[in-house]
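Work through the exercises below with the model open. Each task is followed by a solution in steps.

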Amino acid sequence: MRNNSVNNSSNRTKILIAVGIIIIVIIIRITSNNTLGLAPVESFMKQMLYPVQEVSNNTSTGVVYFLKGLVDYKKVKEENDSLKEEVGRLETFNSELLQYKVENDELKKLLQIQQQNTDLVMVNAEVIGRSIKDWYKTITVNKGQTSGIQVNMPVVNSSGFIGKVTNVTKSTAEITLLTDPKYGAITVVTTETGYPGILLGDETNQGTLQMIQIPANANIMEGYEVVTSGLGDLTFKNLRIGKIKSITNSSDGLMKKAIVEPYANFNNINFVSIIIKQEIKPVTQTPVETTDPQNAETQ
Amino acid sequence: MKTIYYILYTLLICLAIIIEATFFSNIKLFGGMADLVLVILISLTFFLKREDLLLAFIIAGVLMDLYIGQMIGSHILAFGIIILLINRYSKRMIRENIIIALLIIFLSSIIYYLVMGVLLLFVGKGYYVNLIFIKNALFSSIYNLLLGLIIYPLTYLIFHRINKEIQ
């Protein structure tokens with residue numbers, strides 16, 4: 001009797017489960033493509049979950065990105081390293097191109113000077129060394145005795161007169177720049193008025209030059225151009241040097257002193273032209289750069 | 001089980017669904033997705049009584065089905081089959097042995113995908129059941145196993161504390 005009741009209960013449960021499964025399967029079949037009129041329930045549930053879901057999604061996105069970042073770190077790092085390498089390579093390439101451009105511009109200007117001064121025989125040279133100490137203002141170029149270069153030859157670059165050859169080997173030449181106080185004196189004149197003076201290097205190391213021995217009544221002004229006079233050691237005339245920056249009276253009041261700012265940037269010289277000789281022509285020589293008629297008259 | 005526990009359980013499943021939809025859906029293991037609700041449910045199977053378990057899988061199944069909105073009842077059925085199988089043998093298992101628990105989580109996940117695959121074939125969506133489905137099922141099972149490493153010990157600790165409080 002008791003066994004029967006247990007069996008009946010067990011059978012009933014099995015039947016219930018079977019019926020439940022059948023109902024569920026039917027619902028699954030129906031809702032596989034269409035909803036079972038449960039849309040409001042679903043939408044209510046989703047509506048209820050929405051705020052939490054939004055917060056969770058925002059948080060999750062951050063966490064996921066962080067985790068992905070950790071996972072991708074190696075890859076990103078490699079990519080970054082590779083890109084850095086590429087950028088470095090391109091930067092080098094770019095700076096090389098810029099260097100070529102600067103060199104090209106400089107060489108063009110040198111060529112222009114040579115074309116304008118057909119009476120000057122010049123040898124172009126590239127700077128291959130600079131003085132390693134600040135107090136020596138010399139440069140070394142890649143042309144020497146074999147190119148006909150000798151001591152005391154004047155040197156110009158695209159901006160003007162920059163110095164003279166002080167030491168020569170077979171294949172190199174050392175040029176002492178105008179700014180070096182040990183360069184010595186050089187006789188100059190102002191282009192505008194033709195007043196003579198003596199130019200010296202500046203011991204203050206500011207890259208400027210001093211023009212001394214100017215009479216107190218000399219008509220010179222700031223902004224006047226200073227060129228070589230062709231007297232003294234340097235026999236070449238009209239080589240542009242710079243402009244008068246300021247004028248001061250000397251302590252005795254008899255003479256003036258002018259500070260000349262050179263045209264050339266002595267910290268950035270890459271190519272130079274060494275003037276070997278000046279050919280004497282029957283006609284009037286052409287100056288290095290355009291000079292005004294007044295200056296021409298003084299010569 | 002007290003009513004408050006059912007409410008808490010319902011909220012927990014809702015939270016699990018949300019986390020599954022927002023967090024784990026973004027972190028896949030070779031295409032396999034984690035089934036947080038399934039892992040929670042299987043972990044609970046070891047600690048709940050049969051009557052409570054019945055309600056637990058129905059709540060989880062209904063919520064999952066309502067959230068997905070398609071093939072309503074599929075999760076109730078799949079969870080039901082899994083719970084039935086586990087509950088049949090769980091009394092012989094040692095709860096403290098995490099390896100057994102993890103193995104069950106892995107096998108349950110396989111069964112879950114098996115049931116879902118059959119149901120998909122039944123409703124005429126057999127095109128979903130292909131090699132990719134199998135691969136994803138396998139990786140999802142592994143993923144669930146890894147999740148189980150965290151969820152199962154946590155469940156164990158929670159129930160251990162609850163039992164202590166009751167005593």
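Predicted model: local features only at pLDDT ≥ 70, side-chain atom pairs only at ≥ 80, totals over all residues.

Residues are numbered from 1 along each chain as its sequence is written, chains are lettered from A and ligands numbered from 1 in the order in which they are written, and side-chain values use heavy atoms, with hydrogens and water left out.

**Exercise 1. Describe the secondary structure and burial of chain B.**

Step 1. Assign helices (DSSP runs of H or I, at least four residues) and strands (runs of E, at least two), numbered from the N terminus. Chain B has 6 helices and 0 strands, giving the pattern α-α-α-α-α-α along the sequence.

Step 2. Classify residues by relative accessible area: buried is under 20%, exposed is over 50%, and partly exposed is in between (1.4 Å probe, protein chains only). Of the 167 residues in chain B, 49% are buried. In helix α2 (residues 36-45) of chain B, 10 of 10 residues are buried; among them are Leu36(B), Ser43(B) and Thr45(B).

Step 3. Take contacts as heavy atoms within 4.5 Å. Among contacts in chain B with a separation of 6 or more, 75% join residues 24 or more positions apart.

Step 4. Compute the accessible area by the Shrake-Rupley method with a 1.4 Å probe; for residues, only the protein chains shown count as cover. Chain B exposes about 8800 Å², and carbon and sulfur atoms supply 71% of that area.

**Exercise 2. Which residues form the positive patch, and which form the nonpolar one?**

Step 1. Select residues with over 30% relative accessible area and no salt bridge, joining like charges within 9 Å and nonpolar side chains (Val, Leu, Ile, Met, Phe, Trp, Tyr) within 5 Å. Lys and Arg count as positive and Asp and Glu as negative, while His and the chain ends are not counted. A charge is placed at NZ of Lys, CZ of Arg, CG of Asp or CD of Glu.

Step 2. The positive patch consists of Lys14(A), Arg50(B), Arg88(B) and Arg92(B). Lys14(A) sits in helix α1 (residues 2-31) of chain A and counts as exposed at 55%.

Step 3. Ile110(B), Leu138(B), Ile142(B), Leu146(B), Leu149(B), Ile150(B), Leu154(B) and Ile158(B) make a nonpolar patch of about 660 Å². Helix α6(B) gives the largest share, 7 residues. Ile150(B), in α6 of chain B, is exposed at 52%.

**Exercise 3. Characterise the surroundings of Lys125(B).**

Step 1. Locate Lys125(B) in the loop between α5 (98-122) and α6 (131-166) of chain B.

Step 2. Lys125(B) is buried without a salt bridge; Asp65(B), the nearest side chain of opposite charge, is 12 Å away.

Step 3. Leaving out residues up to four places away in sequence, Lys125(B) touches Ser32(A), Asn33(A), Gln70(B) and Leu120(B).

**Exercise 4. Where do Asn152(A) and Phe30(B) lie, and what are their phi values?**

Step 1. Most residues other than glycine have a negative phi.

Step 2. Asn152(A) has a positive phi of about 80 degrees, lies in the loop between β2 (138-141) and β3 (154-157) of chain A, and is partly exposed at 42%.

Step 3. Phe30(B) has a positive phi near 50 degrees, lies in the loop between α1 (3-24) and α2 of chain B, and is exposed at 60%.

Note on methods:
Salt bridge = Lys/Arg side-chain N within 4 Å of Asp/Glu carboxyl O.
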